[in-house]
Amino acid sequence: MRKRCTIGDGVLHASMMPAIQSQQESALTGHRFFLLFVFLLATLILFPYAEASHFGSYAFRVIGSVAILVSVYAANVHRSLLIFAIVLAIPALFERAVLPKVNSHSFFIFNIFLTLVFDVVIVVVIFRHVLAAEQPTSETIFGALCIYLLVGFTFASVYGMVAAFQPNAFYLDPHTNLHNVPDRFDLIYYSFGTMTSLGAAGITAVSAQARSFSILEAILGVLYLAVLIAGLIGAYRPKASA
């Protein structure tokens, strides 16, 4: 009897292992937007320290690269688009790892164009996941917040393209800047300052194209928060604890 019970316990334990593993996998996949939000936020926080010290530079490059990989994972793209997304992620990884300066070289323009396409693809895929949710959950809200942050990074790439074709598209006030040519962080700072209607002190859009994209981003930022985020939070109903 004792041996039979031991065998039965072993069989029961073995049968429970797949269920435990599936629960762990579902817990990870069920929080992929939250994970992406954390890495995107960490990227913004560490950006000013990327060139201040070797540790800050290394930490930023690692977190920025992981954020790109997590964005592919969080988007949960279809298998037919997975290879396409991975190929587009390579230039984005290069941009995070090397941090190239804004210039008019053809290699930089091609790299930032592919990065822009990658950002747009990820935003569109995550946006479809958010809209497909019948009942908004906390994960859905984090997905919408990820889109908001990704849009800010996307417009920074757009401004990088504009600055590459038009070196004088942005004016940096020498009283508030230590350099006169905008770098990647300057464009991210300007992008989020424009999208949140906060304004980016010390950076002014000069060319017509730069001003046009700035107006478009400001409108999208206000409408996104007022319509989608507010609607999701209004429809969100937390699950009642049993």
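**Exercise 1.** At the start of H7, which residue has a side-chain oxygen that reaches to within 3.3 Å of the backbone nitrogen of Phe185?

*Solution.* The model is predicted, and its local features need pLDDT of at least 70, while side-chain atom pairs count only at pLDDT 80 or more. Residues are numbered from 1 along each chain as its sequence is written. The side-chain oxygen belongs to Asp183.

**Exercise 2.** Describe the span and burial of helix H7.

*Solution.* Step 1: H7 covers residues 184-195, a DSSP run (H or I, at least four residues). Its 12 residues reach 16 Å from first C-alpha to last, close to the 16 Å expected, where the expected span is 1.5 Å times one less than the number of residues.
Step 1: 10 of the 12 residues are buried (under 20% relative accessible area, 1.4 Å probe, protein chains only). Among them are Leu187, Tyr190 and Phe192.
Step 2: Just after H7, Ser197 has a positive phi of about 60 degrees.

**Exercise 3.** Describe how H2 and H6 pack.

*Solution.* Step 1: The axes, lines fitted to C-alpha atoms over the stretch in contact, come within 8 Å and cross at roughly 35 degrees.
Step 1: Residues of H2 including Phe33, Leu36 and Leu40 take part in meeting a set in H6 that includes Phe142, Leu149 and Phe153.

Note on methods:
Heavy atoms only, no water. Helix = DSSP H or I, 4+ residues; strand = E, 2+ residues; numbered from the N terminus. Buried < 20%, exposed > 50% of the residue type's maximum accessible area, 1.4 Å probe, protein only. Polar contact = N/O pair within 3.5 Å; in protein donor to acceptor, adjacent residues only side chain to side chain. Axes fitted to C-alpha atoms, helices over the stretch in contact; angles between N-to-C directions. Contact = heavy atoms within 4.5 Å.
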